[in-house]
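Here is a short walk through one protein model, taken a helix at a time and then a loop at a time. Please look at the sequence and the structure first.

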Amino acid sequence: MATGRTHRPATRSRGIPEATVARLPLYLRALTALSERSVPTVSSEELAAAAGVNSAKLRKDFSYLGSYGTRGVGYDVEYLVYQISRELGLTQDWPVVIVGIGNLGAALANYGGFASRGFRVAALIDADPAMAGKPVAGIPVQHSDDLEKIIQDNGVSIGVIATPAGAAQAVCDRLVAAGVTSILNFAPTVLSVPDGVDVRKVDLSIELQILAFHEQRKAGEEAASDGGVRATAARSESADQGPDGDMPAVMPA
């Protein structure tokens, strides 16, 4: 297998929009599930529903890959898995380092999905001397003093930062200086990087806050709806009452 440092995905040079690139992993996940069930072909409507997008957008995305499917048959699942994996660079071996082996870093190290998707955890790095040599997910933790040498020895171009916010920028700077050109940042801070370095930020607290917003809005809509029902009932009851608030006598027909 080729290493990540010498072979990079061709998506940018081929002019695939970033929004399309962001959806390719969604398609790949859905296609992989179909492949595991030995499903040979899939329609654009079925695949779009599984990926959570509309079928017109899916067909447009696939047109950038040069894949148009077959009318009345759909898309070949295995070929699409290969095609998208190739575009994402997942047919190669991408050595990754994780810096910051606290609870989150250790959880990432134990995540089994890396290897199955073309990523190899080449090293775990932490600033705590007490962590040095301790195995996490079968990999001995190395001290951050050796970060640059670890990057060079393993040909790493992708780094994962799982440190506290206060240490993240300094770690980022060292990774970039050592040759890392793509960073996945789990630290709750915005990183400053030079041109040519890609950063993807994962902030769980922000995602939870967005969910809290939606929950609050739904609760407000339900309260407004309940209030409207109660107001309507009150108006109806008032209309049925006499001028003094008593129920009017039943008049003979």
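In this predicted model, helix α3 spans residues 55-64, and its buried residues are Ser55, Leu58, Asp61 and Phe62. They lie on the same side of α3, because the arc they cover around the axis is only 120°. The general rule behind such a pattern is that an α-helix has 3.6 residues a turn, so residues three or four places apart point the same way. What lies over the buried residues of α3? The cover includes α1, α2 (44-51), β2 (75-76) and α4 (77-87).

After α3 comes Gly66, which has a positive phi, near 80°.

Ser38 is not a glycine, yet its phi is positive, at about 60°. Ser38 sits in the loop that runs between α1 (18-36) and β1 (41-42). Is Ser38 buried or exposed? Its relative accessible area is 64%, over the 50% cut-off, so Ser38 counts as exposed.

Ala137, likewise not a glycine, has a positive phi of about 55°. Its place is the loop between β5 (135-136) and β6 (139-143). With a relative accessible area of 40%, Ala137 is partly exposed.

Methods. Residues are numbered from 1 along each chain as its sequence is written. This is a predicted model: local features need pLDDT of at least 70, side-chain atom pairs count only at pLDDT 80 or more; totals for chains, interfaces and linings use all residues. Side-chain values use heavy atoms; hydrogens and water are left out. Helices (H or I, at least four residues) and strands (E, at least two) are DSSP runs, numbered from the N terminus. Buried means under 20% relative accessible area, exposed over 50%, partly exposed in between (1.4 Å probe, protein chains only). The arc is that of the directions from the helix axis to the C-beta atoms. Contact means heavy atoms within 4.5 Å.
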